[in-house]
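Please look over the assembly shown here before reading on.

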Amino acid sequence: MNPSMITSPAIFSVDGMVGIVFLIMVAITVTGGLIACNSERLVRAVAGLIVCFVGVAGLYYFLNSPFVAMMQILIYVGAVAVTISFAIMLAAPEEQKKVGSGGPLVGPFGFATSALLTGSLSVLVIKTDWKSFEKINSGTIKEIGLNLLTSYSMVFELVSIVLLIAILGALVIARAGREG
Amino acid sequence: MILEKTKSGLLKMFPEPEPVETAVEETSEEDEKKNASKEPRKNGVVERDYSVHGYHLDAQVSPEQLLEAVAILDDLEFFIESITGVDWIKEDQLEVVYDFSRYDFDTCRVVIRTRINRAAPVVPTITGLYAGANWHERETHEFFGIKFEGHPHLIPLLLPEDADFHPLLKDFKA
Amino acid sequence: MSLTLLNVIVAVVIAIAFAAANAAYLVWAERRGAARIQRRPGPNINGPFGLLQPPLDGIKLMAKQLLIPGGADKVLFIAAPVLAMFPAIMSFVTIPFSDSIVAKNMNVGILMIFAFASMGGMSLLFAGWSSRNKYAMMSSVRAVSQAVAYEIPMLITTITVVMIAGSMDLMEIVHQQSASILHWNIFPLLGNSHNILMPFSFLIFFTCTLAETNRAPFDLGEAESELVAGFHTEYGSMGFGLFFMGEYANIVIGSCMTVILFLGGWSCPFGLFPGVWWFLLKLYLLIATFIWIRWTFPRTTIYGLLNLSWKILIPLSLFNLLFTAGLIKVF
Amino acid sequence: MSMLTLYNNINTFLILGALLLGMGVYGIVTRRTLIGMLIAAELILAGASVNFMAFNRFTAPDPVTGQIFALFIMAIAAAEAAIGLSIVIAVYQQYKSIDAEDTVQLKG
Amino acid sequence: MSSPIQLQPDETFILNVGPQHPATHGVLRVKMEMNGEYIVDAETVIGYIHRMHEKMGEVKTYPQYLMNLSRMDYLGAMGYSHGHVLVVEKAAGIEVPERAEYIRAIMVELNRVASHLFWFGAFVMDLGGFSPLMYALQDREYILDMMEAVTGSRLTYCYFRFGGLYNDIDDDFISAARRFIPRMRKSLKKYHKLVTGNIIFHKRLEGIAPLTKEMCRKYGASSAVARGSGINFDVRKNEPYSVYPEFDFDVPVYHECDSLARYNVRMEEMEQSLRIIEQGLDKLPDGPIMPKKKPKLIKPPAGDYYQAVETARGSFGIRLVSDGTKTPYRLKLRSPTYSNMHLFDEACRGMMIMDALAFMGSLDLVIPEIDR
Amino acid sequence: MVAYFSEIYNGLISLFIGMGITFKEFFKPTVTVSYPYETLTMCERYRGHIELIENEDGNPNCIVCGLCQRACPSGCISLAGEKPEGEKKKVLTKYILDFTRCSLCGSCVESCNFNAIEYSKEYNLASTRKEDFIFDLLARLEDRNK
């Protein structure tokens with residue numbers, strides 16, 4: 001018997017259910033990601049992206065950070081995905097062309113590249129011995145807020161400026177396109 | 001007031017001094033009946049008794065004069081009431097009737113008629129002067145088969161799109 | 001964490017049942033209320049006071065065939081109503097009905113509700129896009145731009161309350177209001193905040209709730225006199241039923257949030273009966289106001305709606321935020 | 001190590017992050033439309049965030065750094081989406097297409 | 001408000017509003033070319049319930065045709081019948097007893113109030129408010145009950161006869177009408193509080209769909225459409241007919257030209273109609289309701305006769321060309337909404353769809369009356 | 001600025017006034033009739049479809065003059081009669097009303113000089129078959145007498 005099986009919880013125990021839920025989350029993430037990068041219709045790709053992000057939010061929850069998980073849903077699903085869908089509706093009224101029409105080699109080449117990348121990274125991850133601190137974060141907003149306004153205040157300010165410029169830039173670019 | 005103005009304006013279109021009738025209702029009912037049955041009325045302006053006929057001026061013009069007459073009314077701020085046709089089958093003629101009136105207490109209802117041959121019913125459109133004539137002309141076109149030359153969109157309005165019959169003609173049999 | 005997860009699963013089941021029952025009987029209440037306002041009897045044939053009407057309607061809806069229009073994106077067409085229902089039910093999980101009746105209290109409860117509420121917009125967008133109907137498409141674009149526009153003042157107003165409470169925990173926010181009726185956040189003078197603008201915050205929040213739940217006078221998404229039935233034009237059977245349930249579940253959640261943030265949650269002014277009843281009383285009074293408003297006012301225009309948000313509600317709520325921040329700094 | 005305790009292992013999260021990255025790269029290479037590429041880019045960013053969060057949970061001495069970086073990534077992603085999509089719309093209005101190859105001449 | 005963004009023709013799509021659309025109140029179809037929410041161009045397609053009333057007029061005898069006029073406009077049937085009987089009486093030279101004339105006026109005005117009430121309710125419902133429709137219908141039902149007791153019918157009355165009326169009114173009717181006037185005035189106050197004063201309602205109508213005087217003239221608009229654009233035109237005043245010169249009433253005119261002005265005109269018209277009904281009941285003479293000598297067969301002398309009346313929907317004209325037989329040679333019905341609706345195509349360009357449909361509601365459409 | 005706030009204020013007030021009106025209406029009694037369970041009586045002059053009137057002997061008053069048939073604009077009345085031996089008046093043998101074409105104008109009743117037809121008070125006629133509306137009024141008269 002594999003010794004690690006002894007420590008593993010029974011499937012129908014409470015801890016086992018937690019594990020199952022985690023696996024579901026992983027499945028959701030991967031499925032969503034696959035839909036997002038493979039589907040023929042862009043709207044479905046956005047739907048896949050949403051599914052993927054909900055899954056990622058679930059992962060964050062398992063990483064003891066409900067705040068970031070909720071922010072993930074709020075920002076990605078509520079804002080980014082909506083923006084992308086709007087852009088699709090404004091710019092691509094007809095259904096999307098097939099994916100691999102750029103050339104016969106694009107699909108296999110893309111797959112090979114990404115598979116190589118993922119594979120090598122995974123090997124790297126497994127080979128590395130991560131030294132663990134096991135200092136589990138408490139997940140409260142208070143600490144995040146304090147750090148955001150002390151250690152990372154400069155970055156915080158910069159991000160807000162970036163966002164402001166992004167809003168203005170988006171407006172200017174979109175308006176210019178309309179009048180031009 | 002406006003009655004005089006309109007009348008003089010319309011009369012200018014008929015330069016011959018003689019044949020124009022100007023007296024109020026000088027033709028009695030019997031005469032009219034005779035007129036109707038004998039021969040078509042001559043072009044000209046007639047002042048009618050409002051209490052009997054419900055309008056003041058009755059001008060019959062030739063199709064070529066139509067735009068001119070309507071332009072006179074347009075200048076005098078008449079609004080378009082309706083356009084319709086009458087099929088005088090015995091005389092082998094179609095009559096197009098234009099009703100005009102004014103948004104005013106100085107009431108003046110003017111009827112402009114033009115008569116055309118039943119065989120080739122063509123009159124110029126007045127949509128250039130009155131945008132609202134559009135539907136009225138389309139309706140008259142589909143009911144009587146009168147062609148309004150220059151009309152931008154002369155397709156059936158009330159009848160089905162493929163209707164090729166003209167139900168208000170007297171020889172129409174359902 | 002492990003035990004609570006089981007709780008969550010049980011709670012989800014309860015939440016689905018609660019949402020379904022609420023949707024069914026709020027429809028009944030809405031129809032009866034509208035009828036009374038219009039001096040009609042309303043549904044009164046099936047059962048006493050017509051109380052059997054909702055289950056019968058449900059059976060009728062379920063018995064019907066789900067028609068998918070030709071040319072529709074089938075996957076998204078079916079996914080959209082589910083996506084409308086799912087976040088609404090998830091939000092119920094974290095709402096505290098009293099200090100003991102709560103499925104999973106989170107320290108980011110408010111954030112969770114907003115996060116899931118923002119998913120609702122996507123379902124409308126998918127419904128409109130996938131059903132290949134121009135009316136549905138226009139409606140969903142409207143509904144989403146409306147949802148985005150009203151999320152902002154709603155969030156800003158919520159932030160003022162969070163600033164006063166110093167917590168995003170819904171339980172904590174209610175606890176801070178529970179001292180007496182005058183400590184409710186809506187009352188300006190004696191409460192926690194001393195913020196004289198709180199009644200206006202309440203009004204802003206309430207307006208935003210109306211708009212976020214697509215209720216009259218902000219029901220631009222399903223403006224039946226212009227867009228036929230809006231995003232659910234092509235939906236019949238349970239697809240329509242799920243949208244309907246989602247709408248009413250959203251109303252309940254919006255009202256719950258209003259009660260918790262402004263009306264003291266389950267805290268009772270006189271203490272006649274246990275807190276949860278007070279919570280429900282406040283909740284259903286608010287929902288009755290929703291119904292009352294719907295049957296009184298005409299619909300706004302889409303630009304009137306956006307103007308209201310961008311030109312009135314957002315400036316006012318921002319001012320309110322600054323004012324509150326100033327007050328908290330001073331006192 | 002069992003399937004049911006995977007959530008307590010850093011490798012799971014890192015491999016997931018790598019997978020998301022791979023999908024994103026695949027998407028960027030194969031997609032021809034600008035919006036498709038944007039979606040793929042969002043996937044790459046998500047992969048990065050997952051890595052940050054995983055390190056934050058398992059190996060970092062300071063328990064908030066990773067979370068804050070994830071938040072920053074979200075902000076950047078939102079800004080990127082806004083700018084990218086406005087460019088897409090502007091390009092669409094110019095070329096009536098959002099196909100990346102139709103828009104090679106990016107001049108005035 | 002409705003300043004359109006710069007339109008690009010290749011971004012448009014066609015939206016088919018109708019023939020079964022909740023806002024069109026019947027079977028009317030508008031083909032709209034849209035740019036997002038904005039209307040680039042619109043083409044109204046009518047004729048879905050065309051019944052060729054004009055041809056029927058050439059086939060049926062004069063009395064047989066009476067019924068058709070109430071079928072033309074099912075909400076304000078009295079006004080149309082009035083025009084018909086007036087033109088035939090004028091042509092055939094039939095004297096009408098004074099009592100009949102007064103009862104006709106009372107009935108027409110009651111019918112006008114009923115029609116406007118329905119319009120009011122339907123209009124507010126177009127804007128999304130449902131309850132006012134129900135309140136308006138309650139008042140309308142009162143009128144319909146009253147009129148049903150006299151005419152025997154609720155919508156298609158067929159009450160007027162050449163030279164008089166079908167039935168005399170009784171004391172019940174008179175007392176019911178007297179009770180109705182204060183009740184209606186109270187209701188109108190309620191409507192003004194509930195709807196007219198409402199800010200949402202105001203914002204939706206103010207400045208929407210401005211119609212210039214010139215445009216009204218080019219299209220021949222009448223009723224509130226013209227009066228909301230500052231045109232003081234009401235056939236009852238401009239070309240008085242029947243006993244209308246005896247009554248003291250005002251014609252409401254608004255100069256704002258927008259949908260709100262049209263709304264206000266109709267609301268005020270209801271008040272003026274109540275004044276007419278009140279005066280009519282006061283002045284109602286005794287006497288017969290049918291003339292003593294009436295030709296057995298109605299055969300107007302040959303000629304061309306025209307009569308315009310002010311119906312609830314505007315200036316209704318009826319042209320009778322007689323050839324002296326017992327059927328008309330030609331009967332032209334000039335329906336007011338036909339001209340009013342015609343405006344829509346041009347006026348709604350550049351408007352947003354919801355404003356356009358609010359504008360359509362303010363035109364007070366009755367589709368059978370357009371299609372005839 | 002003042003205009004901005006006064007507009008908000010007046011708008012709010014107008015909304016509350018409207019809500020006050022509907023609130024008052026909420027407590028008023030209902031005015032409708034719940035139709036299949038309660039019905040209204042038709043008024044005296046109600047114009048339904050026509051029925052024959054009988055005299056004291058139980059025979060129809062009609063003398064088959066055909067005025068109603070001629071007066072009808074839609075041609076929905078068809079009647080026939082015969083003169084039995086030794087009688088002065090014609091006797092009605094058939095009176096068919098094609099209700100599908102009737103527009104309830106009442107010309108027939110008005111044209112009748114012999115008090116032979118009247119309006120019925122029926123208003124909720126409904127059927128899925130057209131033939132159900134071709135009434136044989138003589139048979140209906142007999143049914144009534146039963």
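The notes below go from confidence to chain contacts, and then to sheets and helix packing.

This is a predicted model, in which local features need pLDDT of at least 70 and side-chain atom pairs count only at pLDDT 80 or more, while totals for chains, interfaces and linings use all residues. Residues are numbered from 1 along each chain as its sequence is written, chains are lettered from A and ligands numbered from 1 in the order in which they are written, and side-chain values use heavy atoms, with hydrogens and water left out.

**Confidence**

- For the complex, the predictor gives an ipTM of 0.81 together with a pTM of 0.85.
- Chain E has a mean pLDDT of 85, with 97% of its residues at 70 or more; pLDDT is the predictor's confidence in each residue, on a scale from 0 to 100.
- Over residues 1–7 of chain E, pLDDT stays under 50, and for this stretch the model has 12 contacts beyond four places in sequence, where contact means heavy atoms within 4.5 Å.
- Chain D has a mean pLDDT of 78, and 80% of its residues reach 70 or more.
- Within chain D, confidence is lowest in helix H3 (residues 65–95), at a mean of 81, and highest in helix H1 (residues 10–30), at 85; helices (H or I, at least four residues) and strands (E, at least two) are DSSP runs, numbered from the N terminus.

**Contacts between chains**

- Eight pairs of chains are in contact, and of these chains A and D share the most contacts.
- Chain A and chain B are joined by no contact, and their closest C-alpha atoms lie 31 Å apart.
- Chain C and chain D are likewise joined by no contact, with their closest C-alpha atoms 12 Å apart.

**The sheet S1-S2-S3 of chain E**

- Three strands of chain E form an open sheet in the order S1-S2-S3, with antiparallel pairing; two strands pair if DSSP finds at least two bridges between them.
- Strand S1 (13–17) and strand S3 (38–45) of chain E are the edge strands, each of which pairs on one side only.
- Neighbouring strands of this sheet are turned by 25° against each other on average, direction ignored; axes are lines fitted to C-alpha atoms, for helices over the stretch in contact, and angles run from 0 to 180 degrees between N-to-C directions.
- S1(E) is joined by five bridges to strand S2 (residues 29–35) of chain E, and the two run antiparallel; E:Leu15 stands opposite E:Met32 in S2(E).
- Helix H5 (residues 134–165) of chain C lies across S1 and S2 of chain E, at about 105° to S1(E), and helix H13 (residues 353–362) of chain E lies across S1, S2 and S3 of chain E, at about 155° to S2(E).

**The sheet S6-S7-S8 of chain E**

- Another open sheet of three strands in chain E has the order S6-S7-S8 and antiparallel pairing, and its edge strands, each pairing on one side only, are strand S6 (303–311) and strand S8 (330–334).
- The twist of this sheet averages 10° from one strand to the next.
- Five bridges connect strand S7 (residues 314–322) of chain E with S8(E) in an antiparallel run, and E:Gly317 has E:Arg334 in S8(E) as its bridge partner.
- Helix H3 (residues 77–92) of chain E packs on the sheet, where H3 touches S6 and S7 of chain E, and its direction makes about 150° with that of S6(E).

**Helix packing**

- Helix H7 (residues 198–212) and helix H10 (residues 275–294) of chain C pack at an angle of about 65°, with their axes 12 Å apart.
- H7(C) and H10(C) are therefore roughly perpendicular to each other, because angles under 35 degrees count as roughly parallel, over 145 as roughly antiparallel, 65 to 115 as roughly perpendicular and the rest as oblique.
- The contact is made by C:Phe206, C:Thr209 and C:Leu210 of H7(C) and by C:Leu286, C:Thr289, C:Phe290 and C:Ile293 of H10(C).
- In chain E, the axes of helix H4 (residues 98–126) and H13(E) come within 9 Å and cross at roughly 180°, which makes H4(E) roughly antiparallel to H13(E).
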